[in-house]
Amino acid sequence: MSTSTKRCYYETLEVERTADDSVLKSSFRKLAMKFHPDRNPGDDTSEVKFKEINEAYEVLKDKDKRAAYDRYGHAAFEQGGGAGFGAGFASSFSDIFEDLFGMAGQRGRGGRERGADLRYNMEITLEEAFGGKTAQIEIPVSVTCEACSGIGAKAGTKPKTCSTCGGAGRVRQSQGFFTLERTCPGCQGRGQMIEDACPACAGQGRVTRERTLSVNIPPGVEDGTRIRLAGEGEAGVRGGPPGDLYIFLSLAQHQFFQRDGADLHCRVPISMVTAALGGEFEVPTIEKAKTKVKVPAGTQSGRRFRIASKGMPVLRSRQMGDMYVQVVVETPQNLTKKQQELLAEFDKLSSGNTQPESEGFFAKVKDFFGNRAS
């Protein structure tokens with residue numbers, strides 16, 4: 001193709017001339033995957049575009065070549081002005097090889113695939129999170145088939161080497177001036193073929209069974225904590241290694257406490273008389289004991305009292321959080337006539353010292369409207 005008919009490299013990669021390396025690479029990967037011959041079998045147009053894309057990227061990703069192209073255009077690489085694209089093409093293609101074939105190498109020789117990881121959701125109480133526990137769970141998992149010992153072949157038979165790939169699990173295919181290696185279509189990368197499948201597992205080498213497992217939950221776990229049980233996931237295909245089991249913990253809502261890290265919070269309603277005159281009350285702790293909270297006279301609603309080291313344990317340490325008790329002054333309801341009269345008498349006898357906050361607030365309100373009137 002002559003320089004007069006060649007498309008601008010920037011147009012080929014669908015980028016601006018000011019595009020940086022990351023933009024160039026991103027656009028190249030997207031276009032190369034779109035027009036790759038393996039994704040467009042028999043499409044000659046896609047193959048041509050694929051080569052144009054790689055040629056453009058091979059020049060623009062190189063600082064010196066890009067500078068020469070920006071100054072002289074395609075003429076910079078005529079008559080030996082630039083290195084051939086054959087060797088460079090392989091390096092460009094390697095940038096997208098993992099995207100195109102990244103999943104192909106997960107099977108081991110002989111078809112021994114690693115089993116899948118499993119997830120189990122478990123809800124525990126706040127008390128169980130405080131003290132820790134050992135829980136028994138039952139889960140359906142894939143285990144190695146005993147009938148065939150995990151190989152997938154019927155008793156008395158063995159898998160045979162795949163004739164397509166010779167047991168390698170991968171085959172090579174020429175694609176113009178380069179060679180692609182891909183998963184063998186005959187054995188799907190296993191390297192072996194099973195002619196007589198085990199009837200117990202249908203050739204998979206594993207069957208589903210209920211399994212009882214013991215899970216150790218340490219003190220101090222939080223909502224969303226993940227516990228990994230290595231090797232307790234699905235059995236691998238045809239003797240492959242097993243996956244892992246992940247236990248995801250969630251904490252049930254508690255009737256008294258709300259948790260904030262290692263600290264616990266609770267709200268306790270107290271009477272107006274207790275708040276005014278002072279007193280004390282008992283509250284439960286997370287370890288199901290009791291502790292007293294002393295309320296000084298004149299306590300306002302919303303005040304918090306801290307009880308040190310009565311919160312949750314910090315995971316894998318000897319530290320303890322604190323417990324915070326917030327009092328809420330309860331307004332009396334359903335008063336008798338006598339109680340109403342006594343409160344009315346109390347209100348008449350009240351001075352500015354008994355309710356300084358409210359009286360101070362309304363004094364400011366009065367001044368505010370007074371200033372606006374003036």
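Colleague: How do I read the accessibility of Arg17, and which class does it fall in: buried, partly exposed or exposed?

Modeller: Arg17 has a relative accessible area of 49%, so it counts as partly exposed. Keep in mind that this is a predicted model: local features need pLDDT of at least 70, side-chain atom pairs count only at pLDDT 80 or more, and totals for chains, interfaces and linings use all residues. Residues are numbered from 1 along each chain as its sequence is written, and side-chain values use heavy atoms, with hydrogens and water left out.

Colleague: Which residue does Arg17 form a salt bridge with?

Modeller: The general idea first: side chains of opposite charge can pair when their charged atoms come close. Here a salt bridge is a side-chain nitrogen of Lys or Arg within 4 Å of a carboxyl oxygen of Asp or Glu. Arg17 pairs with Asp70, and their closest N and O atoms are 3.6 Å apart. This joins distant parts of the chain, 53 residues apart: Arg17 sits in the loop between helix 1 (9-12) and helix 2 (21-35), Asp70 in helix 4 (residues 63-72). Helices here are DSSP runs of H or I with at least four residues, strands are E runs of at least two, and both are numbered from the N terminus. Asp70 has 40% relative accessibility, so it is partly exposed.

Colleague: How many salt bridges are there in the whole structure?

Modeller: The search finds 13. One of them joins Glu232 to Arg211, with the closest N and O atoms 2.6 Å apart. Glu232 is in the loop between strand 8 (226-229) and strand 9 (245-251) and Arg211 is in strand 7 (residues 206-217), so the bridge ties together parts 21 residues apart in sequence. Glu232 is partly exposed at 24%, and Arg211 is partly exposed at 23%.

Colleague: And Asp244, is that buried or exposed?

Modeller: Buried, because its relative accessibility is 7%. Asp244 forms a salt bridge with Arg228, the closest N and O atoms being 3.0 Å apart. The partners are 16 residues apart, with Asp244 in the loop between strand 8 and strand 9 and Arg228 in strand 8. Both belong to a salt-bridge network that also takes in Arg114 and Asp117.

Colleague: On to the nonpolar side. Which residues have the most contacts inside the largest core?

Modeller: In soluble globular proteins, nonpolar side chains tend to be buried together. A nonpolar core here is a set of buried Ala, Val, Leu, Ile, Met, Phe, Trp, Tyr and Cys residues joined through side-chain atoms within 4.5 Å. The largest one has 43 residues, and Ile247, Phe281 and Val325 have the most contacts inside it. Strand 2 (residues 133-144) gives the most to this core, with five residues. There's also a second, separate core of 20 residues, including Leu31 and Tyr69.

Colleague: What does Phe281 touch?

Modeller: Contact means heavy atoms within 4.5 Å. Leaving out residues up to four places away in sequence, the contacts of Phe281 include Ile270, Val293, Val295 and Val325.

Colleague: How is strand 13 laid out, and which residues are on its covered face?

Modeller: Strand 13 (residues 290-295) has Thr291, Val293 and Val295 on the covered face, while Lys290, Lys292 and Lys294 make up the uncovered one. Two strands pair if DSSP finds at least two bridges between them. Strand 12 (residues 279-284) runs antiparallel to strand 13, joined by six bridges; among them, Gly279 is partnered with Val295. The two strands form a hairpin with five residues between them, and Lys288 in the turn has a positive phi of about 65 degrees.

Colleague: Where does Arg316, which also has a positive phi, lie?

Modeller: In the loop between strand 14 and strand 15. Ser309 is in the loop between strand 14 (304-307) and strand 15 (323-330), and it is partly exposed at 45%.

Terms used:
Buried < 20%, exposed > 50% of the residue type's maximum accessible area, 1.4 Å probe, protein only.
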